[in-house]
Amino acid sequence: MVFPTLRRYAPGFWRKTMDEFSRGAQTALKFEALSIPTAPRPLLNFNEPETITWMKTMSDQSVGGFSAAQLSQIPPSTDPQTSEEIPTHALFHGNISTQLPPNRPDVQRTGYAAFRNEDRGRSAFGKLFWDIDPYTYLALRVKSDGRRYFVNIQTDSIVETDIHQHRLYTRAHKGATNPSDPGQWETVLIKFHEFVRTNHGVVTEPQSEMLRQKVKSVGIGLIDRQPGPFELAIGAIWATNLNERGQIDGRMDHEEGDQGSARLSEVTEEKLAARAEEKAKLPEHKPSLRERFPEHFGKVGTGERGRPGDPKEYSPFR
């Protein structure tokens, strides 16, 4: 009885409790539970030095294989060729080997490596999960070597070994335009509903929707089984409702949402600023007499009169 009590009152426990309380209070004050959140939901920010301390790496060494994987914190620097400022980030790197372990006839497949966050622990409110249900996209700021990486999301599902996966498609990776192309940083957006449920690397049937209210871990794996070194830089991973154009995607009215497929390479700071300026110049919406006094008007297309407290005929949040 002594040790659990001491752990419960550890500084990390109370810090996590206060973080959860603060986040919940901000959500309530901003009415985010009743509307589409416009602010991002940070998951893993490798610009913060402590983030890498609660990551874990995995490879086929657990079954006797010879692949190696590391996750290293890279301090800020300046690119000597482009003079571009490179922020603090994590580097997932190592070497893939498909050599089978000797004296292990039960192991028929090697050549993989991955990383993910460790369990987030507990707070006074219970086990800690990420609730990403109000968001449409998982966003990743990365610089890739062009290998076949997969994004992995694990939830508090009935089958603990189930993982939702999606290929990490990049366009500005190393060698994208020519063999000497060093690659560039880019932001990749993946819709949550496009993730596929797998178990031990095999697609499971029937498919089920991701339990987005209880996300346990987020990570990236390399399973292309191509021998040789690999290197993937990660700046941050977050949930968002903003698409590639900086517009809101979500469960809302078609006039406000944008479900189009934009190209990541076309998104620039100037375009986002221009759109914000354009939106600020729009005339302020003035409610009509019907909107201000709905109880005095009948429903559209009927002879019925509304009563105080009746719901509106149309709501984009149903």
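**Note on the predicted model**

1. The side chain of Ser97 places a polar atom 3.3 Å from the backbone nitrogen of Gln99. Ser97 belongs to the loop between strand 6 (89-96) and strand 7; helices (H or I, at least four residues) and strands (E, at least two) are DSSP runs, numbered from the N terminus. Its relative accessible area is 13%, so Ser97 is classed as buried. Here buried means under 20% relative accessible area, exposed over 50%, and partly exposed in between (1.4 Å probe, protein chains only). Beyond its neighbours within four places in sequence, Ser97 has contacts (heavy atoms within 4.5 Å) with Asp60, Phe66, Ser67, Thr110 and Gly111.

2. Basis of the values. The model is predicted: local features require pLDDT of at least 70 and side-chain atom pairs count only at pLDDT 80 or more, whereas totals for chains, interfaces and linings use all residues. Residues are numbered from 1 along each chain as its sequence is written, and side-chain values use heavy atoms, with hydrogens and water left out.

3. Overall composition. The protein comprises 4 helices and 17 strands. Of its 318 residues, 36% are buried. Among contacts between residues at least 6 apart in sequence, 69% join residues at least 24 apart.

4. Which residues do ring pairs link into a cluster? The cluster consists of Phe46, Phe92, Phe115 and Phe230. The structure holds 5 aromatic pairs, that is, rings of Phe, Tyr and Trp (its six-membered ring) with centres within 6.5 Å; planes under 30 degrees apart count as stacked, over 60 as edge-to-face and the rest as tilted. Phe46 and Phe115 form an edge-to-face pair, with 6.4 Å centre to centre and 70° between the planes. Phe46 lies in the loop between strand 1 (41-45) and strand 2 (55-59) and Phe115 in strand 7 (residues 113-117), so this pair ties together parts 69 residues apart in sequence. Phe46 is buried at a relative accessible area of 0%, and Phe115 is buried at 1%.

5. Phe192 and Phe195 form a stacked aromatic pair, with 6.4 Å centre to centre and 25° between the planes. Both of these residues are buried.

6. Is Gln184 buried or exposed? Its relative accessibility is 53%, so Gln184 counts as exposed. It is located in the loop between strand 12 (162-167) and strand 13 (186-191). Its C-alpha atom is separated by 5.8 Å from that of Lys143, although the two residues are 41 residues apart along the chain. Apart from neighbours within four places in sequence, Gln184 is in contact with Val142, Lys143 and Ala172.

7. Backbone geometry. The peptide bond from Glu205 to Pro206 is cis, with omega near 0°. Pro206 sits in the loop between strand 15 (202-203) and strand 16 (215-222).

8. Positive phi values occur in residues other than glycine at Asn103, with about 60°, and at Arg225, with a value near 55°. Asn103 is in the loop between strand 6 and strand 7 and is exposed, at a relative accessible area of 76%. Arg225 is in the loop between strand 16 and strand 17 (228-240) and is partly exposed, at 27%.

Technical notes: Polar contact = N/O pair within 3.5 Å; in protein donor to acceptor, adjacent residues only side chain to side chain.
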